[in-house]
Amino acid sequence: MDRREFIKLAGITGIGLSIPLNISPILIDAAVSPETKLAVASGKSAAEITKAAVNAFGGMKKFISRDDIVVVKPNMAWDRLPEQGANTNPEVVAAIVALCYEAGAKKVKVFDRPVNDARRCYVQSGIAEAARAAGAVVSYMDDRKFKNMRIGGEALREWPLYQEIIEADKVINVPIAKHHGLAWLTMSMKNWMGVMGGSRDRIHQKLDQSLVDLSLVIKPTLTVLDAVRVLTANGPQGGSLADVRKLNTVIVGTDQVAVDAYGATLFGMKGSDLGYVRVAAEAGLGTMDLSKVNIMKIDV
Amino acid sequence: MQTLRRISQGIFLLLFLFLFIQTQSRGADELGYPVKIFLDFDPLIFITTLLSSHSVQKAFYFSFVIIIATVILGRVFCGWVCPLGTLNNMAGAIRKRRSDRTNIAWNRVKYYLLIFLIVSSLFTLQLAGVMDPISLLIRSVALSIYPLFEYAVRAIFDALYAFNPGTADGLSEPLYSALKNSILSFQQPHFKQSAFIGFIFIVILGLNLVQKRFWCRNLCPLGALLGILSRYSVLKRSVSEGCNECGACASVCQGNADPDKKDGWKNAECLYCWNCDDVCPQNAVSFGFRGHRVDVGSKGKFAGIDLGRRRVIASALSGIVAVPLIRVGPLSRSGALSPELIRPPGSLEEKEFLKRCVKCGECMKVCITNGLQPTLFDAGLEGLWSPVLVPKIGYCEYRCTLCGQVCPTGAIKKLPLEEKINVKIGLAMIDKGRCLPYAHSTPCIVCEEVCPTVKKAIWFEEAAVRDREGRERTLKQPRVDLDLCIGCGICEAKCPVKSRPAIYVSNIGESRSGGNQLLL
């Protein structure tokens, strides 16, 4: 019996407390409605906890089919170094890319539309190098590939979106959890701003609704929230190591609302404290009530 | 010899273009190539900067290589190395072969220009960069020719792509991405005055139709300087008894060296192209270190060129007069500088800056956001084509130090990152009449979000406002902490009020200035 099966069994039988795997008590409640699952892995190696969290779902093969074209979308919006916690951890991104290829993906693409100069963001974040080393096709976004899309949301009727993400077979969102001046916290749903074309800064006028509108269009197969280092102040780009806290945690789920709701707890908040999580839950995009979520905690 | 010379010219032109293309960020902190090395080797830039600012950049010691080479070998730089000279050669190829000799002694103009530039630099006015061939070439290519080329190439590939995306992916797109990875720049550059600067450059090339290498013969101040240095050059041309004065050499001479006049050969005007040697049907011409003694200039003449004492004095006097003439305007008064004159981080105080800036455009070429633009008259005539940050076009990237790395004269200091992030180039202020949370009760936080200082210079004050229906809303209204703001302008660049941003930077508070300060 490997760990994966072990956890599954634990979840079903609800005897988590007696197991020496640091499985939280929430697990017992979660067993009541096992539809929504989150894997929360902690440990020293960012790559290992990423793999462990995905494996808790039965491995990447559950999500990626042979010959899939996969987009792995990190947050690399800022000209900051990995230790400053403003961009997704490069090891987490690389681990996901590697898992996709192991699961048989034909091509894994990595890109983002940064706020700072793209060249610096790609290089200084360490993501371009790490993802390339894992075999990903890392490209700068091409202006010609933004196409006006009907979104039909309450705030966003239509917007130019990046075609490569729309056309991909599978999309994996790999955001980082960090502080933000308006949204309070930016995690998975806010990461979709990175595939918006046009003057996307306007969406801050109706940020919560806009993020939900976007998230209804871009449906990720999997969300991997990087909380290896989190930025607790002066987000979303930080810069001071004093604002960075090492949590050595990665959260994986298929429900982006649940992932963000869990992410909020890392900062001592609740999902319902965040406007976009609330609006998303109301719109039926996912669940923010963590008591109804099967949370698998893994220590690596 | 012609083949050898052309190979040398080709190599240096390609080297120039290669380094030019490398003058752009690849995301790392350093460029990795000595992109300004052509300017480092330029003795005119060296001498005028030395005179105007009494400062020496260590890299300028390279220019002694050219000085020594010229003293020994004559103007080989002009004939064999100078990339602008090579381009003039290429442009001149369009012209039919016929004698380039004119009756008017235009070739003296370059000496007057040189005297003017040297004298004015002696009185602290640095104008050499406007006419210096290397500076002129980098500026013209960077701000005009290269963007033009880029625009054309992109237009072609975009058209192919739009016409048939399916086919394009297989055919033109791989070629396009290969070009993008090699000779194209990361993004289409846009510069103010690119048409004007390009026009001047095309006129310079076009003058080759009037006379081959018109610029090099008649206008180039560096050519004049090297001409003077070559006066006693050891490598000399000699003509043997076999010469039957057929005049074949005169029609192929790239300079105004009068090669057909046997002992009247003017070595200061000779570009050492070896054409006369190659073409001589009698094989009477040779270059060597033990040639005839040439008339290096009798009284009142310089290397056979009569500059005229009065004209020399007039050029020198105009160099002196130009200094107060250009500076008498109100710009020299504190507070009279244009508020938009935001200099790149690390720039020296304005007067010192202008003494050094040679308007080569390297900083503008390398600027990662395209924000550095050439001025027209904002900094006075003296500051023509000097760099100014226009945040609406591009902001100053917080962790980028490239402009200081490429500046050849130290007008922009090369700052380590820790220092650069603390240099203020101006201060941001909010226009409450346009800002969404102030004037229009609409949430917006973009300026705060993008503010890069470690502790954000933009902070929020929560304000309760009522909308038209009387409903109360709480809004975050941005405020600028002037102590923390460094004036990078990313707030202005990203402000959603695009037409006239609701937050904007002016140069008040810039670290380099003693007088242009605001806070106590």
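Helices H9(B) and H12(B) are roughly perpendicular to each other. That label covers angles of 65 to 115 degrees, while under 35 counts as roughly parallel, over 145 as roughly antiparallel and the rest as oblique. Here H9 (residues 133-163) and H12 (residues 194-206) of chain B pack at an angle of about 105°, with their axes 9 Å apart. The axes are lines fitted to C-alpha atoms over the stretch in contact, and angles run from 0 to 180 degrees between N-to-C directions. Helices (H or I, at least four residues) and strands (E, at least two) are DSSP runs, numbered from the N terminus.

H9(B) contributes B:Arg139, B:Ser140, B:Leu143, B:Ser144, B:Ile145, B:Pro147 and B:Leu148 to this contact. H12(B) contributes B:Ser194, B:Ile197, B:Gly198 and B:Phe201. Two residues are in contact if their C-beta atoms, placed from the backbone, lie within 7 Å. By class, the contact of H9(B) with H12(B) has 6 nonpolar, 4 polar and 1 charged residues. Nonpolar means Ala, Val, Leu, Ile, Met, Phe, Trp, Tyr, Cys and Pro; charged means Asp, Glu, Lys and Arg; the others, Gly among them, are polar.

This is a predicted model, in which local features need pLDDT of at least 70 and side-chain atom pairs count only at pLDDT 80 or more, while totals for chains, interfaces and linings use all residues. Residues are numbered from 1 along each chain as its sequence is written, and chains are lettered from A and ligands numbered from 1 in the order in which they are written.

Now turn to H7 of chain B, residues 109-122. Its 14 residues reach 20 Å from the first C-alpha to the last, close to the 20 Å expected at 1.5 Å a residue. The expected span is 1.5 Å times one less than the number of residues. In H7(B), 12 of the 14 residues are buried, so this helix is largely enclosed by the rest of the structure. A residue is buried if 20 or more other C-beta atoms lie within 10 Å of its own, exposed if 12 or fewer, and partly exposed in between, with C-beta atoms placed from the backbone. Among the buried residues of H7(B) are B:Lys110, B:Tyr111, B:Tyr112 and B:Phe116. What covers the buried residues? The cover includes helices H3 (43-53), H8 (128-131), H13 (214-219), H14 (221-229) and H17 (309-327) of chain B. After H7(B) comes B:Thr124, with a positive phi near 70°.

B:Phe38 sits in helix H2 (residues 37-40) of chain B. B:Phe38 is buried, with 25 other C-beta atoms within 10 Å. Leaving aside neighbours within four places in sequence, B:Phe38 is in contact with B:Phe16 and B:Ile134. B:Phe38 and B:Phe16 are 22 residues apart along the chain, yet their C-alpha atoms are separated by 7.4 Å.

Step back to the whole of chain B. There are 24 helices and 8 strands. The C-alpha atoms fill a box of roughly 105 × 60 × 35 Å, taken along the principal axes. Of the 520 residues in chain B, 47% are buried. Among contacts in chain B with a separation of 6 or more, 74% join residues 24 or more positions apart. The domain assignment gives domain 1 (2-130 + 211-288) and domain 2 (424-520). These bounds come from an automatic or database domain assignment. The C-alpha centres of domain 1 and domain 2 of chain B lie 52 Å apart.

Chain A has 10 helices and 12 strands. In chain A, 58% of the 300 residues count as buried. Residues 24 or more positions apart make up 74% of the chain A contacts with a separation of 6 or more.

The two chains touch. Chain A brings 22 residues to the contact and chain B brings 31 residues. The side of chain A that touches chain B has 5 nonpolar, 10 polar and 7 charged residues.

Some backbone details remain. Most residues other than glycine have a negative phi, and most peptide bonds are trans. The peptide bond from A:Gly235 to A:Pro236 is cis, with omega near 0°. A:Pro236 lies in the loop between strand S10 (222-231) and strand S11 (244-253) of chain A. A:Asn248, in strand S11 of chain A, has a positive phi of about 50° although it is not a glycine. A:Asn248 is partly exposed, with 15 other C-beta atoms within 10 Å. B:Asn370 also is not a glycine, and its phi is positive, about 70°. B:Asn370 lies in the loop between helix H19 (362-366) and strand S3 (372-374) of chain B. B:Asn370 counts as buried, with 20 C-beta neighbours inside 10 Å.
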